[in-house]
Amino acid sequence: MNAYAISPLARGLETFGAWALGLLWLLPLAYACWTAFHPSAYSTNFTLTAPLTLANFVKAWQAAPFARYFVNTVILVTMVLAAQLVLVTLAAYAFARFDFPGRNVAFALVLVQLMVMPDVLIVENYRTMTQLGIKDTILSIGLPYMASAFGIFLLRQTFKTVPRELDEAARVEGCSPLQTLWKVYVPLAKPTYIAYALVSISYHWNNFLWPLIITNSVESRPVTVGLQVFSATDQGIDWSIISAATLMTTGPLLIAFLLFQRQFVQSFIRAGIR
Amino acid sequence: MTRTREWVYAWLLLLPAATLLALFTHYPAIANLWHSFLSTPKAARPAKFIGLENYHALVDDPIFWQALTNNLWYALGTIPLSIGIALAMALWVNRRLPGRGFLRLAYFTPTVLPMIAVANIWLFFYTPGYGLLEQITHALGFGSHNWLGSPSTALPALMVVTIWKESGFFMIFYLAALQSMSPHLAEAAAIEGASRAYFFRRVTFPLLMPTTLFVLVNAVINAFRLVDHIVVMTRGGPDNATSLLLYYIYEIGFRFWDSSYAAALTMVLLVLLGAVALFQFFFLERRTHYQ
């Protein structure tokens, strides 16, 4: 919309509005940072000369097994993503390039998961995990999410754009369907894989309700549930320490986001437009 | 490959995903319906068929109705505002604005943070007598108010958190749509003498309609799916003023351990989500062609 000559007043007002909103949006985070990096005496006292400290982080780290929680989350996220990539690739390939009876029905059944997500089937999935005897394990947190309808859909779209000629050429060269998938389709879908991976990682790093329900021990709790257990049990409501713990748990994701900002945004766009 | 071999091959490729989907999406949805007709097994009494009794209890349960009404108000309060803000954000950062990159980052950052962490931050923000909000209202000469502690302001206070968290996410989709829009449209409109407001109303906004519908469906799903902040900030209180449907299911199912009543409640949620799916099918899929 650069064709329009905007009056300086309107432009100024808009810039002001955009910045006011941006600062407002950062305010809660800035506040958490302030509290976390200052002694608790200064947590609501905004003196610019207040001494900076890392003591809150040290205290939070020592007060709860955060190291273990981080390990659990990393295992969870890696496991879910690895399983998703394999399952989703195979299923998407079948839907994109094979003609078989029941394909449309099967695809519709896959799409059901876009609405009926594991997030809302907590009661029944808890029952299933109990019956399988894997309650309170990292596997039980990830299992319901591994066959991702969203991933299948996304990748099927991408695979469909691969020219048939490439596929046929590979077959003529003597490639089996799986080799064709690996040598032709997967390399061409790399941007989609990256997009999907980023969305999946941030989703499972942040997931909370299901892990809260299904886990019950330090050995399996991801960092989100760990944070909740930590701040809900009476810490003498020391907000400095809670803020430090909060920043700590989001830290890796936030840093990754700041480093790969462009990719993140592009990925969410790519994943969203389906 | 022969036809039959190709069929077998395709189904083998599908098998792993299909098994897990059946086990953790289709089976639980159906089992949930069945379990909603049973009584909750207790130590001495196994579950038995009780027909619609759970649903009768549900109709008579004032907390269920409150959770449902809360959820509808929550959806009504958060969705239009977050979509409106998202659109404004996208229009702004799509323009040549000083500090555009920074603003885009500021708007989007809440989206990548876990809701649970964000809720902790906002909990502190709202703390009576101590939090930042109180400090601001005090400085402006207003009295103290327990935002999360009084039934009239608790739900709106949670809505603010949701709007703050989701607007940046929706902005991304608008931004993508705006960037794919041809600049010639604006040039042509400017030559024809259309005002900016007119151009937005008659050209930009209608062209953004598919995006708006897409965002709308996502926002509705999220309004029924995401209750992490309630666990942290209010636990459904005070007096169930902030209990949303999924949170109530969680409470019934995992704090009172009444799994069959929780199953009946889940059915309500599934019906609501089904309605969203039908809406999406009739209004969204018709306009966009994937094939």
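This is a predicted model: local features need pLDDT of at least 70, side-chain atom pairs count only at pLDDT 80 or more; totals for chains, interfaces and linings use all residues.
Author: Two residues are in contact if their C-beta atoms, placed from the backbone, lie within 7 Å. Residues are numbered from 1 along each chain as its sequence is written, while chains are lettered from A and ligands numbered from 1 in the order in which they are written.

Reader: How many residues does the contact take from chain A and from chain B?

Author: Chain A gives 74 residues and chain B gives 73 residues. On the side of chain A that touches chain B, helix α1 (residues 8–37) of chain A has the largest share, 10 residues. Helices here are DSSP runs of H or I, at least four residues, and strands are E runs of at least two, numbered from the N terminus.

Reader: Which classes make up that side of chain A?

Author: It divides into 52 nonpolar, 19 polar and 3 charged residues. Ala, Val, Leu, Ile, Met, Phe, Trp, Tyr, Cys and Pro count as nonpolar, Asp, Glu, Lys and Arg as charged, and the others, Gly among them, as polar.

Reader: How many helices and strands does chain A have?

Author: Chain A has 14 helices and 0 strands. Its C-alpha trace spans about 75 × 65 × 30 Å along the principal axes.

Reader: Which residues touch the most other members of the largest nonpolar core?

Author: A nonpolar core is a set of buried Ala, Val, Leu, Ile, Met, Phe, Trp, Tyr and Cys residues joined through C-beta atoms within 7 Å. The largest core has 155 residues, and those touching the most other members include A:A91, A:I152 and B:M171. Helix α7 (residues 151–179) of chain B supplies the largest share, 15 residues. Domain 1 (8–53) and domain 2 (65–272) of chain A, with bounds from an automatic or database domain assignment, both give residues to this core, so the core lies between them.

Reader: What does A:A91 touch, not counting residues up to four places away in sequence?

Author: A:A91 touches A:I152, B:L13, B:L14 and B:A17.

Reader: Is B:I63 buried or partly exposed?

Author: A residue is buried if 20 or more other C-beta atoms lie within 10 Å of its own, exposed if 12 or fewer, and partly exposed in between. B:I63 has 15, so B:I63 is partly exposed. Leaving aside neighbours within four places in sequence, B:I63 is in contact with B:N240, B:S243 and B:Y248.
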